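This report covers charged contacts, strand pairing and aromatic contacts in one protein model. Please keep the sequence and the 3D view open while reading.

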Amino acid sequence: ISLLLFTGSLSLNIRVCLHVCVHFCVYITYLSHACRTNRADRTFCGEAKKCGSHHRYKKNANTLLKLQIVAIIKQPPLKDECCIKIFFFFFDTGKDVTFVVKVDSTNLTRKPTMKWLKGKWMDLGSKAGKHIQLKESYDRNTKIYTYEMKIVKVVQGDAGGYRCEVSAKDKCDSCTFEITVEADILSAFKRADAGEDEGELDFSALLKKPEPELEIDVWELLKSAHPSEYEKIAFQYGITDLRGMLKRLKKMKVVEPKVSEAFLRRLESAYSVNKGKKIVLSVEVTDPNAEAKWLKNGQEIKPSAKYIMESNGNIRTLTINKCSLADDAAYECVVGTDKCFTEVFVKEPPVTITKLLDDYQVVVGERVEFEIEVSEEGAHVIWMFEDQELSRDDKNSKYRFKKDGKRHCLIIQEATIEDSGMYFVYTNGGQSKGELIVEEKELEVLQSIADLTVKSAEQAMFKCEVSDEKVTGKWFKDGVEVKASDRIKISHVGRIHRLTIDDVKPGDAGDYTFVPDGYALSLSAKLNFLEIKIDYVPRQDPPKIHLDVAGNMVSQNTIIVVAGNKLRLDVEITGEPAPTVCWMKGDKQVTDAEGRVRVENRKDLSCFVIEGAEREDEGNYTITVTNPAGEDKANLFIKIVDVPDPPENVKCTGVGEDCATIIWEPPKFDGGAPLKGYLMERKKKGSSRWTKLNFDVYENTTYEAKRMIEGILYEMRVFAVNGIGISAPSLNSKPFMPIAPTSEPTKLIVDDVTDTTCSLKWLAPEKIGAGGLDGYIIEFCKEGETEWHPANTDLVDRQSYTVRNLPTGEKMNFRVVAVNVAGRSPPALLEQPVTVREIMEHPKIRLPRELRTKYIKRVGEKINLVIPFQGKPRPVATWLKDGQPVDEKKVGIRNSNVDSILFIRSAEREHSGKYTLILKIENMEDSMCRYFFTHLAFF
């Protein structure tokens, strides 16, 4: 056909038809080649389904890229719980190719991280530029991130495997794909000297005789090829089972162990060092002149006072001084092109708690701040309430955490009843606990309002004092709320509430009440308006004292004033002519018109004023009025009442395991009012936080404090309470520690008895406690008596004791008491009395088994016979040789309470014979010869 195309004998129409046929054949050839390619691709994808979505796409640089190809790949998450959905869209426009990834971030808490990789490790982010373009965008409505990678004008070098990875916190996903770029099949038939669209097609190459193919061993070719070429070779030689091919290759290849040429000894896999200590990393290199570089987390380490690098022969060392948590990292030693790796783990020393938690007792709404101090700054501590850990990450939590150097605080701004319980704090080297008790809020009236009697145009002031400074309230007159105005002023300063009425008028008289907000409590008083009536009196009218102190007088002519308050006593005086007024305190006249205690005289009125009443102001007062017509006199007793003095001599008289008994003396001055009782507080020694022990008044002067921690030092103080208020605190008691005595000693038995002694043995108490054990006291008494006598003056440390100088023949009872700082334990008693008398025991020889036959020794050898025996009292031991007493110059004899020893330093023939041991106790005896005969023969 190609020859006919180039001849001019055919007509134009026939040539056109032939040309079309040629193009059709070429197209069929191309389709056949493409089908083979697609079939191979499908085989590859089928093998890859088991290990993930691995897809291969072949793009022709001149033909296929001109088509618009859209492919969608759905990659399942690597983990079942992963919520990232990835969709891939590929758009081919001309010679460019674009990959689009969409990530659904609906369930993500932060922006995902996307990486485009070629091969295994090449990050395309560092190659981005004119040829490879990366873009990203975000749709706020759909919460979808879109990532694009565009390859401009694909070339042969862009072929290969690609991978995209997306990660967000603990979630990740990835997908792999491959691009193969092939040349246009029609370009093979263009003339070499023709342009892209010039010249005729040259089919002469198809007419050439194909060269014979050489037989090639495919497996040898695969063994020597790079793994990236495996797929191409498998496709070329028709291998469809890629997984089987890889398994066979793995069996055929023998991996040779890599031998380090630079290192003789490498770093260990890991090192461990305590914080603040130093560590030495050491390697041994082959070349003593080789230079070694040290890297930390991939960054080269520079020599400094902290990092010291040394070279000694073939040894290269890196010393890290004063290791901190920042030195917990991966380290490398690089020599030439060879490297070795290790990891250094820095361990923190145990952090101890130097200042323990205090107990708190507060009312609802108060602020609580638990505080500890630890031994190291920056230490990690864990706070717990009962069994629940308190988290710093919970923004809605009522708890606040504060850290200042070694101080760590747990803060509760407003305590509630639910916050009551035990709080714990833990470090890696210690723990502490503190109890929080939250009581219902109660309001205490420290000073109530009093009735007032005032005259026209004067000032009336009601005042009261409550225990809480934050409490607000309202004033009422005859049930109607009082509003502040120019004449009426309402003030609240600290715990004191005042209602002041200027220029009093008759309409101001009535019942006034103060009601605190939030409390079922009210304080009431009456305002009396004093009217002055002027009657005509004769000019010669004797003076008269009109004493009206009904509001302040509790009994006849007695006025009670609270210390610190003001007393104003207005006495109306009548008489003509105007009488002269004289105030006396005892025998001393009060004449001051100014000052704290003064007298203010007006027409027909004499005012006695005491500002800020004190105890010294108490006494009998007399007012005397005189004029020419006569004289009048009135006697008054002003009693000053105050809070009592503090109690005295607070001390601890006894302690228990979690309790202590406290006593004190009443105050010397009760304030002029009967004592209602006492309030007690305690604190740990060294702490400044006092804890109330009672909210209700306690009447006795002896109190048992409970719920204390054994082994902790405490201090106590006491307040006295009367009808006026609470006294100042007493002096702190001496520190005391709740400690319980030990339990009684156990298993008390009699070990031995003689005519004047008795030996006892026992075991330590089962429960000793925080007070430890100082020793024991042994006591005895005769049977039938109740008075016990100590057998030892000093404490006995051991668990045995011999009581001496006992009367012979008497029956005695014995007991043992354990003693520690808390006192004596319960006694351990013998069940039966012991008769003090020597126990007679027949003498008896315990002959060893090896001595029950003839005893033969060589001349010159040592002889050492130990013969144990028993008997009470101590037996008298006598040795005989051949019936005669032993010559102690030739034979050594040594006797004890339990045995007798016969020894000869160097045996001679004359020592041979029959030896007899005789034991005697009074008229009782035992002899060794009854059981055993000893013959000594020498040769």
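Asp-508 and Arg-487 form a salt bridge through their side chains, with 2.6 Å from N to O. A salt bridge here is a side-chain nitrogen of Lys or Arg within 4 Å of a carboxyl oxygen of Asp or Glu. The two residues belong to distant parts of the chain, 21 residues apart: Asp-508 is in the loop between strand E35 (496-501) and strand E36 (510-516), and Arg-487 is in the loop between strand E33 (480-481) and strand E34 (488-493). Helices (H or I, at least four residues) and strands (E, at least two) are DSSP runs, numbered from the N terminus. Asp-508 is buried at 7% relative accessibility, while Arg-487 is partly exposed at 23%. Buried means under 20% relative accessible area, exposed over 50%, and partly exposed in between (1.4 Å probe, protein chains only).

The model is predicted, so local features need pLDDT of at least 70 and side-chain atom pairs count only at pLDDT 80 or more, whereas totals for chains, interfaces and linings use all residues. Residues are numbered from 1 along each chain as its sequence is written, and side-chain values use heavy atoms, with hydrogens and water left out.

A further salt bridge joins the side chains of Arg-596 and Asp-617, at 2.6 Å from N to O. Arg-596 lies in the loop between strand E43 (588-590) and strand E44 (597-602), and Asp-617 in the loop between strand E45 (605-610) and strand E46 (619-627), so this pair ties together parts that are 21 residues apart in sequence. Arg-596 is partly exposed, with 31% relative accessibility; Asp-617 is buried, with a relative accessible area of 5%.

## A strand-to-strand salt bridge and a network

How far apart in the chain are Arg-824 and Glu-779? Their side chains meet in a salt bridge of 3.2 Å, N to O. The pair links distant parts of the chain, 45 residues apart, with Arg-824 in strand E60 (residues 823-824) and Glu-779 in strand E56 (residues 775-782). Arg-824 counts as partly exposed at 40% relative accessibility, and Glu-779 as buried at 7%.

Salt bridges also link Lys-566, Arg-568, Asp-570, Arg-598, Glu-600 and Glu-611 into a network. The count of salt bridges by this rule is 35.

Strand E63 (residues 841-845) pairs with E64 in the antiparallel sense over three bridges. Strands count as paired if DSSP finds at least two bridges between them. Lys-844 has Gln-870 in E64 as its bridge partner. E64 also pairs with strand E68 (residues 899-904), again antiparallel, over six bridges; there Ile-867 stands opposite Ser-900 in E68.

## An open five-strand sheet

An open sheet is formed by five strands in the order E21-E28-E27-E23-E24, with mixed pairing. Its edge strands are strand E21 (360-363) and strand E24 (388-389), each of which pairs on one side only.

E21 runs parallel to strand E28 (residues 430-439), and four bridges join them. Val-363 stands opposite Glu-439 in E28.

## Aromatic contacts

The whole structure holds 15 aromatic pairs. Rings of Phe, Tyr and Trp (its six-membered ring) pair if their centres lie within 6.5 Å; planes under 30 degrees apart count as stacked, over 60 as edge-to-face and the rest as tilted. Tyr-138 and Tyr-145 form a tilted pair, 4.3 Å centre to centre with 35 degrees between the planes. Tyr-138 is partly exposed at 35% relative accessibility, and Tyr-145 is buried at 12% relative accessible area. Phe-780 and Phe-814 form a tilted pair at 6.5 Å centre to centre and 45 degrees between the planes. This pair links distant parts of the chain, 34 residues apart: Phe-780 is in strand E56 and Phe-814 in strand E59 (residues 811-820). Phe-780 is buried at 17% relative accessible area, as is Phe-814 at 1%.

Tyr-360, Phe-370, Phe-385 and Tyr-423 are linked by ring pairs into a cluster. Two charged side chains are placed at Trp-690: Lys-683 has its charged end over the ring, 5.4 Å from the centre, and Arg-717 lies over the face at 4.1 Å from the ring centre. A charge sits over a ring if NZ of Lys or CZ of Arg is within 6 Å of the ring centre and within 35 degrees of the ring normal.
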